[in-house]
Amino acid sequence: MVQDRAAAAVSEARQWARLMALAEIGGFAAGEDFGVNRPCLSVGDRAARRLMIGWAEAIGCSVSVDAAANLFFRREGRDPSLAPVLTGSHMDSQPEGGRFDGIWGVVAGLEALTALHDAGVVTRRAVELVAWTNEEGGRFRPGCTGSMPWAGHTALAAFAEVLDPDGIRYGDALAEQLALEADIPRRGLGAKGGITPHAYVEAHIEQGPILEAEGVDIGVVSGIQGSRWFTVTLSGATAHAGTAPLRGRLDAVQDMVRAVVALNALTADPSDTLRFTVARVEVSPNTSNSVANRVRFTIDLRHPDAAVLRAKGDAIEGVIRGAVTGCAVSIEENFHAMPVVFDPLVTGAVAASAAAEGLRQRALPSGAFHDAQFVVPVCPTGMIFVPSRGGISHNPAEYSSPAQLAAGARVLVRTLVTLAG
Ligand code: GLV
Ligand code: MN
Ligand code: MN
């Protein structure tokens with residue numbers, strides 16, 4: 001069968017070597033581990049994209065980029081008039097990220113295209129690989145600012161004024177990126193550009209403990225839980241730490257503590273299904289002997305049930321207003337990704353591919369969000385997970401072995417051949 005030939009051409013060593021070459025870009029030693037800090041639209045991101053472009057061109061793929069800087073590699077099919085099958089993931093990392101989150105899905109896609117090339121397999125539909133821009137949201141909040149406009153979920157212009165921690169506008173960083181890639185042909189943005197795929201499949205590390213704990217090789221991802229991000233600003237008044245009486249202060253840090261305690265009560269969940277995280281805090285003026293006049297903090301809220309996510313998220317503002325003692329409160333919602341269920345066309349092809357490889361598989365939902373979440377309304381979508389050691393991710397200790405990743409790439413190429421015909 002043609003799937004067997006394609007899967008047999010997957011090279012564990014080549015895939016691992018490419019992944020480790022990319023990990024060098026933004027790589028840093030962290031004790032025994034080797035982490036990656038490769039923010040989107042940074043010098044490192046640009047270098048990584050050029051490396052990918054070189055590898056893809058070497059196997060005859062055509063390269064194009066859209067207005068959101070999503071980067072596409074196309075391996076033509078027998079009938080170029082048919083909608084392509086799309087695979088991909090993201091190349092940006094968290095500031096203290098690992099070597100596998102996102103980038104493996106892009107490298108696995110390239111490994112699949114290389115295997116098709118080496119095995120001389122020409123599919124009926126074209127197979128396209130995409131590296132989505134800014135999935136992580138680590139530099140520019142929110143994440144998925146490449147896939148959201150591609151899918152028609154949010155206009156690209158909505159993100160133009162987002163600032164990174166150095167005050168650089170997303171719109172400016174994007175324009176600079178596109179100017180540096182002026183040699184690469186442009187394509188229309190997403191479905192609106194006339195490029196609605198036949199199906200989308202994204203390979204990713206699990207980032208959780210289930211597959212490893214159960215001794216399973218492949219996760220057939222059933223869907224993704226919902227996420228909402230908020231930015232809360234508390235405004236008080238600065239004062240002298242030694243002379244201003246506590247009574248009467250408008251202390252933004254103390255009000256933040258009250259707000260977070262109240263939010264912990266709002267989001268308490270004995271089943272540990274709901275996820276509530278406060279992880280970025282900016283304090284002004286940020287000296288130890290002046291009362292804080294302003295605190296800005298982020299909220300990341302996740303739940304698989306849309307009704308719970310909606311109710312808890314909508315309650316946040318009232319809970320914060322009820323908890324603070326004097327500071328003015330302003331809340332902005334930055335990200336809203338509803339829970340999604342993947343399509344049997346894709347999950348079925350993934351399950352059949354894992355079975356053909358003789359791999360142990362199970363269905364599981366994703367706790368992390370992914371660009372695939374936004375592709376769901378556009379075309380049949382699914383994901384392939386491989387195990388993550390200790391379930392660790394967004395951490396330099398993130399690890400999946402060369403053999404686990406090769407198994408994932410073999411399942412991916414089989415799935416692509418099945419979907420592309
Ligand atoms: C993606 O990185 C996420 O936070 O789920
Ligand atoms: Mn990711
Ligand atoms: Mn991530």
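## Ligand 1 and its contacts

A polar side-chain atom of histidine 394 is 3.2 Å from an oxygen atom of ligand 1, a polar contact in the sense of a pair of N or O atoms within 3.5 Å. The protein covers 92% of the 190 Å² of accessible area that ligand 1 has on its own (Shrake-Rupley method, 1.4 Å probe). This is a predicted model, in which local features need pLDDT of at least 70, side-chain atom pairs count only at pLDDT 80 or more, and totals for chains, interfaces and linings use all residues. Residues are numbered from 1 along each chain as its sequence is written, chains are lettered from A and ligands numbered from 1 in the order in which they are written, and side-chain values use heavy atoms, with hydrogens and water left out.

Two further polar contacts are worth a look. Glutamate 136 has a polar side-chain atom 2.9 Å from an oxygen atom of ligand 1, while phenylalanine 369 places a polar backbone atom 2.8 Å from an oxygen atom of the ligand. The shell around ligand 1 is made of Glu135, Glu136, Arg302, Ala368, Phe369 and His394 (a heavy atom within 4 Å). By class, that shell has two nonpolar, one polar and three charged residues; here Ala, Val, Leu, Ile, Met, Phe, Trp, Tyr, Cys and Pro count as nonpolar, Asp, Glu, Lys and Arg as charged, and the others, Gly among them, as polar.

## The largest pocket

Ligand 1 sits in the largest pocket, with more than half of its atoms within 2 Å of the grid points. A pocket is an open set of points on a 1 Å grid over the protein atoms alone, where a 1.4 Å probe fits, with protein on both sides within 12 Å along at least five of seven lines; lining residues have an atom within 4 Å of a point. About 1100 Å³ of space lies in this pocket, the volume being the space filled by probe spheres set on the points. Its lining counts 44 residues, and Asp300, Arg302, Ala368, Phe369 and His394 are the closest to the centre.

The lining divides into 16 nonpolar, 18 polar and 10 charged residues. Strand β12 (294-303) is one of those that supply at least two lining residues, and β12 gives the most, with four (strands are DSSP runs of E, at least two residues).

## Backbone features

Arginine 141 and proline 142 are joined by a cis peptide bond, with omega about 0°. Another cis bond runs from serine 284 to proline 285.

Note on methods: Polar contact = N/O pair within 3.5 Å; in protein donor to acceptor, adjacent residues only side chain to side chain.
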